[in-house]
Amino acid sequence: MASISDMDMAPPTAKDIAVGAVFAGSPSDYFALLKPRVMSLVCFTAMVGTVLSPGSVHPVLAVTALLCIAVGAGAAGAINMWFDSDIDGLMARTRGRPIPAGRIEPGAALGFGVSLAVGSVILMGLALNLLAAGLLAFTILFYALVYTAWLKRRTPQNIVIGGAAGALPPVVGWAAVSGELSLLPLLLFAIIFLWTPPHFWALALYRRDDYERVGVPMLPVVSGDRVTRRQILFYSVGLVLASISPVVLGLAGWVHGVGAGVLGALFLWHAVRVWRGTGEAEARTLFGVSILYLFLLFVLLLADHAVMLAGWLGR
Amino acid sequence: MTELDKSRRRQRARNLAVGLALAGLVVLFYLITIAKLGTTP
């Protein structure tokens, strides 16, 4: 009878080699397919949606909802990486991704993404409710089909319209807890929707060469720097107005109002610097600031909610 | 370490990751069941 040591030293069969080639990636490579940094911001905004939502669910179900949203977002990211693997290999920012770097076969990435997408939506429906599951499915399909497969390579409005996918997680989180929608989750959607263009156009300003090389019609490539810088400013004004709308409409308190005002002023200052500037430095700074801005804005929503719950201060 | 050794090492790592994920799902499904039974009127 063959011993374990004999099996370890046996020469590889054709099946060994074929399986090893198709599934060559390590667990960390598969995790990288999910775009973990995007997934973490998605999960955080979704968490805020679940906390702000009226009603309550068992903590296990709340954690399940966040897990489903995070995995669903990651699945959409994996499908995006599968579709864009051809251009990812030609761009400096993305050529190290698992598929263009040859660590994972495209088909394996697609199967991984689709499996996670289907599983997360089913689990959301079984554990929470059909509204949340439907919204999650819509989010994944919108990102994978509408943005990635359709808009990204066809129009400079790609990230404007496609940004809806990134704006939906707090809405899904809200729906998971309450089973319905109302004005506040739609305002959260609007905030992220209006945040997306200045965020990605700031990136595109200093990565213009990459996008031009692969033919992705980002706004700086199609319309030039000046138009892009002006549009960044316009959307930044809209974003700041949206960010204070919860207070104006009586859906949030002064903690959020004051904080959103201060953050908005800082964001606008950086947007004006981009508008008035010509170099890459201001755009790089705005890109970094935009991530911190969104995170802090949603932290303020949580803080405001906590204050109101504690009853320390009224609206 | 040969390429085949590296490939098998990655395969073992993937097997472990899949096993842990499946075990985690079993625990999650159990907890979800308890939670939903507890909230059912």
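**Figure 1. Where chain A and chain B meet in this predicted model.** The contact draws 21 residues from chain A and 14 residues from chain B. The size of an interface is often given as the accessible area lost when the parts come together. For chain A and chain B, the buried area comes to about 1,300 Å², with carbon and sulfur atoms giving 66% of it.

**Figure 2. Polar links between chain A and chain B.** Two residue pairs are in polar contact between the chains, both at pLDDT 80 or more.

**Figure 3. The side of chain A that touches chain B.** Helix H2 (14-22), helix H3 (27-33), helix H5 (59-83) and helix H7 (106-127) of chain A are the elements that each give two or more residues to this side. H5(A) supplies the largest share, with four residues. By residue type, this side of chain A divides into 14 nonpolar, five polar and two charged residues.

**Figure 4. A close look at helix H15 (residues 254-276) of chain A.** This helix has 23 residues and spans 32 Å from its first C-alpha to its last, close to the 33 Å expected at 1.5 Å a residue.

**Figure 5. The buried residues of H15(A) and what covers them.** Along H15(A), the buried residues include the glycines Gly257(A), Gly259(A) and Gly264(A), together with Val255(A), Ala260(A), Leu263(A), Phe267(A), Ala271(A) and Val274(A). His256(A) and His270(A) are buried as well. The cover over the buried residues of H15(A) includes helix H11 (183-206), helix H14 (225-248) and helix H16 (281-310) of chain A.

Note on methods:
Residues are numbered from 1 along each chain as its sequence is written. Chains are lettered from A and ligands numbered from 1 in the order in which they are written. This is a predicted model: local features need pLDDT of at least 70, side-chain atom pairs count only at pLDDT 80 or more; totals for chains, interfaces and linings use all residues. Side-chain values use heavy atoms; hydrogens and water are left out. Contact means heavy atoms within 4.5 Å. Buried area is the accessible area (1.4 Å probe) that two parts lose on being put together, summed over both. A polar contact is a pair of N or O atoms within 3.5 Å; within protein, one must be able to donate a hydrogen and the other to accept it, and residues adjacent in sequence count only if both atoms are side-chain atoms. Ala, Val, Leu, Ile, Met, Phe, Trp, Tyr, Cys and Pro count as nonpolar, Asp, Glu, Lys and Arg as charged, and the others, Gly among them, as polar. The expected span of a helix is 1.5 Å times one less than its number of residues. Buried means under 20% relative accessible area, exposed over 50%, partly exposed in between (1.4 Å probe, protein chains only).
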